[in-house]
Amino acid sequence: MAIVPESKNWTWVLQQRCPDCGFDAASVDYDDLPSLLRADVQAWRDVLARPDAAVRPDDSTWSALEYSAHVRDVHRIFLARLELVLAEDDPSFANWDQDATAVAEKYSTRDPGVVAEELAVAAAASADAFARVPAGLRQRAGLRSDGSRFTVDTLARYYVHDPVHHLWDVQH
């Protein structure tokens with residue numbers, strides 16, 4: 001069986017605790033979000049060091065390597081979205097098809113050590129960028145292609161859930 005493309009709208013994580021990973025975006029102070037991104041990196045390095053990192057647990061679930069490559073790209077995408085929100089008034093974010101990217105970029109064939117380093121660099125760049133945003137600019141906003149509106153604050157909260165949640169995915 002092939003991987004079924006993700007179709008959920010996860011914006012609900014901005015209002016309630018995730019029942020799977022336990023992340024509660026509403027309870028985290030914005031200024032703590034960058035440190036959460038940085039802290040998550042070592043756990044991803046540990047995941048990618050596992051001998052079975054490239055093995056799918058079943059035919060319909062990404063391997064830890066594929067999840068890691070996805071998380072690397074999430075860091076990159078959200079950094080680009082942050083930069084766009086800070087540079088333009090009410091920009092629209094380009095649609096990102098994570099499943100098409102996984103196939104096109106051949107996540108399953110990547111070198112785990114390279115992905116670990118790329119993920120660390122991307123997470124640090126994004127964490128640093130979110131940390132530099134002064135409080136007065138955190139209400140600047142942009143729109144996702146489905147019409148969901150994100151401020152810098154909600155974008156950060158929504159974004160941090162992704163690497164935390166996927167770490168939970170590969171550990172359970």
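**Charged pairs and cysteines in the predicted model**

Arg157 and Asp153 sit 4 residues apart, about one turn, in helix 5 (residues 152–171); helices here are DSSP runs of H or I with at least four residues, numbered from the N terminus. Their side chains meet in a salt bridge, 2.9 Å from N to O, a term for a side-chain nitrogen of Lys or Arg within 4 Å of a carboxyl oxygen of Asp or Glu. Both Arg157 and Asp153 are buried, where buried means under 20% relative accessible area, exposed over 50% and partly exposed in between (1.4 Å probe, protein chains only).

This is a predicted model, so local features need pLDDT of at least 70 and side-chain atom pairs count only at pLDDT 80 or more, while totals for chains, interfaces and linings use all residues. Residues are numbered from 1 along each chain as its sequence is written, and side-chain values use heavy atoms, leaving out hydrogens and water.

The count comes to 13 salt bridges. One of them links Arg45 with Glu117, with the closest N and O atoms 3.3 Å apart. Arg45 belongs to helix 1 (residues 33–48) and Glu117 to helix 4 (residues 112–132), so this pair ties together parts that are 72 residues apart in sequence. Arg45 is partly exposed at 30%, and Glu117 is partly exposed at 41%.

Arg72 pairs with Asp73 at 2.9 Å. Arg72 is buried at 4% relative accessibility, and Asp73 is buried at 9%.

As for cysteines, there are 0 disulfides, a disulfide being a pair of cysteine sulfur atoms within 2.5 Å. The sulfur of Cys21 lies 3.7 Å from its closest cysteine sulfur, in Cys18, which is too far for a bond. Cys18 is buried, at 1%.

Note on methods: Helix = DSSP H or I, 4+ residues; strand = E, 2+ residues; numbered from the N terminus.
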